[in-house]
Amino acid sequence: MTKSYQDLLSEAYDQITTIPTELAIDLVDDPDTLIVDLRDRRELEREGKITGAFHCPRGMLEFWIDPTSPYHKPALSQAKQIVFYCASAWRSALAAKTAQDMGFDNIAHIEGGFGAWQKAGGAVENVAAK
């Protein structure tokens with residue numbers, strides 16, 4: 001093995017912006033910020049999501065964020081700032097690095113992920129099962 005997941009995370013953390021949870025809570029109502037939940041649908045249904053967050057499964061990020069992709073989601077190119085989160089900030093760190101590598105320059109992720117968000121008392125909304 002050439003690189004471990006820890007190596008990839010370390011590289012990502014060195015190159016991305018990490019927003020403390022307390023500051024991220026203030027961004028929920030910012031019209032220039034899109035908070036993006038990268039967790040899978042089962043996690044959302046089980047735990048809820050940050051109020052108003054846009055759901056983008058981590059496995060679809062590259063396809064949804066690229067304006068030339070047939071799967072592109074316009075919401076991901078309209079925000080002035082995109083802030084990713086997942087359960088514990090691993091997937092979101094890698095997603096932030098990927099988005100930067102794809103040319104996006106106002107990207108961040110939430111320190112500690114959804115778990116830290118809940119502990120800090122951030123607003124959560126339920127997600128109904130499909």
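**Ground rules.** I am working from a predicted model, where local features need pLDDT of at least 70, side-chain atom pairs count only at pLDDT 80 or more, and totals for chains, interfaces and linings use all residues. Residues are numbered from 1 along each chain as its sequence is written, and side-chain values use heavy atoms, with hydrogens and water left out.

**Entry: the sheet.** I traced an open sheet of 5 strands, in the order E1-E6-E5-E2-E4, with parallel pairing. E1 (17-19) and E4 stand at the edges with a single partner strand each, so one side of each has no neighbour in the sheet. I noted how strands are named: they are DSSP runs of E with at least two residues, while helices are runs of H or I with at least four, numbered from the N terminus. Two strands pair if DSSP finds at least two bridges between them. Strands of a sheet pair through backbone hydrogen bonds, either parallel or antiparallel.

**Entry: strand E2.** I checked both partners of E2. It runs parallel to E5 (residues 81-85), joined by 5 bridges. With E4 it pairs in the parallel sense over 2 bridges. There, Val-36 stands opposite Phe-54, and Asp-37 stands opposite His-55.

Is E2 enclosed or open, and why? In E2 (residues 33-37), 5 of the 5 residues are buried, so the strand is largely enclosed by the rest of the structure. Buried means under 20% relative accessible area, exposed means over 50%, and partly exposed lies in between (1.4 Å probe, protein chains only). I found Thr-33, Ile-35 and Asp-37 on one side of E2, and Leu-34 and Val-36 on the other.

**Entry: His-55.** I moved on to strand E4 (residues 54-55), which holds His-55. His-55 counts as buried, at 19% relative accessibility. A polar atom of its side chain lies 2.6 Å from the backbone oxygen of Arg-39. A polar contact is a pair of N or O atoms within 3.5 Å; within protein, one must be able to donate a hydrogen and the other to accept it, and residues adjacent in sequence count only if both atoms are side-chain atoms. Beyond four places in sequence, the contacts of His-55 include Asp-37, Leu-44 and Trp-64. Contact means heavy atoms within 4.5 Å.

**Entry: salt bridges.** How many salt bridges are there? I got 11, each being a side-chain nitrogen of Lys or Arg within 4 Å of a carboxyl oxygen of Asp or Glu. Side chains of opposite charge can pair when their charged atoms come close.

I saw Asp-37, Arg-39, Arg-46 and Glu-47 linked in a network. Within it, Arg-46 and Glu-47 meet at 3.5 Å, N to O. Arg-46 is exposed at 58%, and Glu-47 is partly exposed at 31%.

I also looked at Asp-101 and Lys-97, whose closest N and O atoms are 2.8 Å apart. They are 4 residues apart in helix H6, so about one helical turn separates them. Asp-101 is exposed at 54%, whereas Lys-97 is buried at 17%.

**Entry: around Ala-89.** I checked the loop between E5 and H6, where Ala-89 sits. Its phi is near 85°, a positive value in a residue other than glycine. Ala-89 is buried, with a relative accessible area of 4%. Trp-90, in helix H6 (residues 90-101), is partly exposed at 44%.
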